[in-house]
Amino acid sequence: MTASDYQRLAGLFPTEVVTHSYVSDIALPGGAGTFALITLDNDVDHTRPTTLGPNTLLELGATLDALQARAAAGEIVGVGVTGKPHYLVAGADLSATQKLASYEDGLAMARLGHEVYGKLHTLGVPSFAFINGVALGGGLEVALQSDYRTVSTGAGALALPEAFIGLVPGWGGVYLLPRLIGPENAVKVMIENPLSNNRTLSGPAAFKLGIADAMFEPADFVEQSLAWAARVITGEETVSRPLAADPATAPEAWDAAVARGRAVVEARTSNAAPAPAKVLDLLEAGKNWTAEQSRDAECEALAELMQTPQFHSTVYAFLDLVQKRGKRPAGAPDKKLARPVSKVGVVGAGLMASQLALLFARQLKVPVVMTDIDQARVDKGVGYVHAEVDKLLAKKRISPDAANRTKALVSGSVSKEAFSDADFVIEAVFEELSVKKQVFAEVEAVVSPECILATNTSSLSVTEMAADLAHPERVVGFHFFNPVAVMPLLEIVRAPKTDDAVLATAFVLAKALKKTAVLVKDDAAFVVNRILGRMFGEITAVFDEGTDAATADNALRPMGLPMSPFTLLALVGLPVGQHVQESLHAAFGERFWLSKNSQKIIDAGIKSLWQKDEDGKPYIPAETLAMLDFGTTPSTSEEVLRRTQDALAEEIGLMLGEGVVAGPEDIDLCMILGAGWPMHLGGITPYLDRVGASERVNGKKFHAEKETAQAAS
């Protein structure tokens, strides 16, 4: 690539928000010399993260060239890179990458990044990265390409998330990271974390893995980093990297890490997405490559993946849905209508209720009181919260002071009188309408008229729950997903009488709880459980009709779901799944298959259809099969997949017609965040459009108007 190629590339981004490279000369302590510190800053406040585009990279490259000349002249003894407050760099601008319409453009972008980052090795003086905040993708690779690294204890969101977004770490990450922290840890960062809801590392976690050489507190992070750099430059400080690995001396560790990574990819994506496999291909082959060979392969892989439909689907799912739609919920009232919440009540002290109590206490930092029918249950619930806080403390995810404050906020009582001064009370009791109605009646008798009553029901009618109350307008559905701490979705259910102030409070609370809220109509099972119920119904139906279990359970693998239907049912709990299915069957009739075989398994106390043999392979015990009745019309895997696709297209079409949500985008968002629908499929409705199910069943695509608009533009 020539300079003119890169200038042409930069011209494709006339509106790029450039992250500038500002240089300050700093006299290092102890007379160590003059140090040039580059601060990456886009001149916008923290609401606009610093990102990397071609104009940004060209400016950084020119800055490094100038510093190389100064180093040659003896003017500086070292170069450092840090960022504006809260950010090193948040990675490449994903929305801009969609402008790279050709393989050649993608290749030019990849090579430009490598060429610029490579200058950090040829300055003639040591290079340092001071990771003061978010460092994602290319942002973390800036640090990896530097000779030395420090990290702030307050830094959050360090990651190489490329496998999650449909790419590979294309600016040196695949080659450098395993050599720095070992291949096993590198697989954790490049594969396991991205495929686990895009998990990131904190500063301390990154330091523990060996990504950084030193760690300092946020208050004087840059000053401490400069002092440390001075000691390294003068030789007073010796840097040790005990986790560093050389593939030439430990090739078996490389092979084992790659094998484990492939098992993770298989389990999480059924190998339906190309990017994670490509990361592992590069890691495996890179064991025997030079840095230059790896560079060329990374660039080619990045350019190829940018042209795949999976990448473009991921960009839609991540940017348009999770980042944009998720942060501006359709139908949410003006947040100015929201009421303050200074105390929360939780009815119940079981596992779900205890998880809710912990979440409210940690995120809202207000008193939370739990109630149950006897003191033993209450004590168990409060004890669970305290134990979970202790686990967080042991993992150093919270400070001792934060742990003590959180535990002090959570209390328990056997009397609902404890809710008398609560502003928000949520019930998490047994999923039985009569029980929930009784609970709400008892709570309403002791709370203020302004207190909001929320239900965590997964399938019951919020309208019926509120029907006998004096103030039904105060009731709202607040449906979390299990495990509460991990799952990001919150379905906020508006009943016909729910007023705007209550709804506004629910959305403000959701944001404070760091959940993504979607407004849904009060229909049976709302969104996620209704769609999953239709899917489970089709799979159990074909099984009951005589399709063998392996075919039925594995037929949906092309969808790349995080787990098979029977496995997910076992995780949810067969009785819980059957209870939801009963509600759906009662509400919508024969569309939702109610399996007699499933009930037989439940009645026998069997937890899962599958068992595993000594080799870990699943099988159905003979005694389980003996109690079941089957039909004589088995289906092939292809027939099961098509039947399920059509069923889902039909159900979503009906949901949109009923106004369960504002649009198909909300269906997509719910399934991505509440059911682990794969990002690389771009949402369930675009997927059903692509495979033809939408038109087969509904006579039109869910996104036909969007496609027409894109074609016209």
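Helices (H or I, at least four residues) and strands (E, at least two) are DSSP runs, numbered from the N terminus. With elements named in this way, Gly166 is found in the loop between α6 (162-165) and α7 (173-181).

## Basis of the model

This is a predicted model, in which local features need pLDDT of at least 70 and side-chain atom pairs count only at pLDDT 80 or more, while totals for chains, interfaces and linings use all residues. Residues are numbered from 1 along each chain as its sequence is written, and side-chain values use heavy atoms, with hydrogens and water left out.

## Overall form

The protein chain contains 31 helices and 19 strands. Its radius of gyration (taken over C-alpha atoms) is 28 Å, close to the 27 Å that the globule rule gives for 713 residues, so the chain is as compact as a globular protein of that length. The globule rule is 2.2 Å times the number of residues to the power 0.38. Along its principal axes, the C-alpha trace of the protein chain spans about 85 × 60 × 55 Å.

Of the 713 residues, 55% count as buried; buried means under 20% relative accessible area, exposed over 50%, and partly exposed in between (1.4 Å probe, protein chains only). The accessible surface of the protein chain comes to about 29,400 Å², of which 54% belongs to carbon and sulfur atoms. Accessible areas come from the Shrake-Rupley method with a 1.4 Å probe; for residues, only the protein chains shown count as cover. Among contacts (heavy atoms within 4.5 Å) in the protein chain between residues at least 6 apart in sequence, 74% join residues at least 24 apart.

## Packing of α1 and α2

Helix α1 (residues 3-11) and helix α2 (residues 54-72) pack at an angle of about 140 degrees, and their axes are 8 Å apart. Axes are lines fitted to C-alpha atoms, for helices over the stretch in contact, and angles run from 0 to 180 degrees between N-to-C directions. The two helices, α1 and α2, are therefore oblique to each other; angles under 35 degrees count as roughly parallel, over 145 as roughly antiparallel, 65 to 115 as roughly perpendicular and the rest as oblique.

Helix α1 contributes Tyr6, Gln7, Leu9 and Ala10 to the contact, and α2 contributes Pro54, Asn55 and Leu58.

## Residues of strand β1

Ser21 is found in strand β1 (residues 20-28) and is buried, at 9% relative accessibility. Apart from neighbours within four places in sequence, Ser21 is in contact with Ile38, Thr39, Leu40, Glu59, Leu60 and Thr63.

Ser24 is also found in strand β1, but counts as partly exposed at 37% relative accessibility. Ser24 touches Phe35, Ala36 and Leu37, not counting residues up to four places away in sequence.

## Loop residues and backbone geometry

Gly166 is buried, with a relative accessible area of 9%. Gly166 and Ala275 are 109 residues apart in sequence and 5.0 Å apart in space, C-alpha to C-alpha. Besides Ala275, Gly166 touches Leu305, Phe311 and Thr314, when residues up to four places away in sequence are not counted.

Most residues other than glycine have a negative phi, and most peptide bonds are trans. Ser270, in the loop between α11 (251-269) and α12 (274-286), has a positive phi of about 55 degrees and is buried, with a relative accessible area of 16%. Asn271 lies in the loop between α11 and α12; its phi is near 60 degrees, and Asn271 is partly exposed at 46%. The peptide bond from Asn482 to Pro483 is cis, with omega near 0 degrees, and Pro483 lies in the loop between β15 (475-480) and β16 (489-494).
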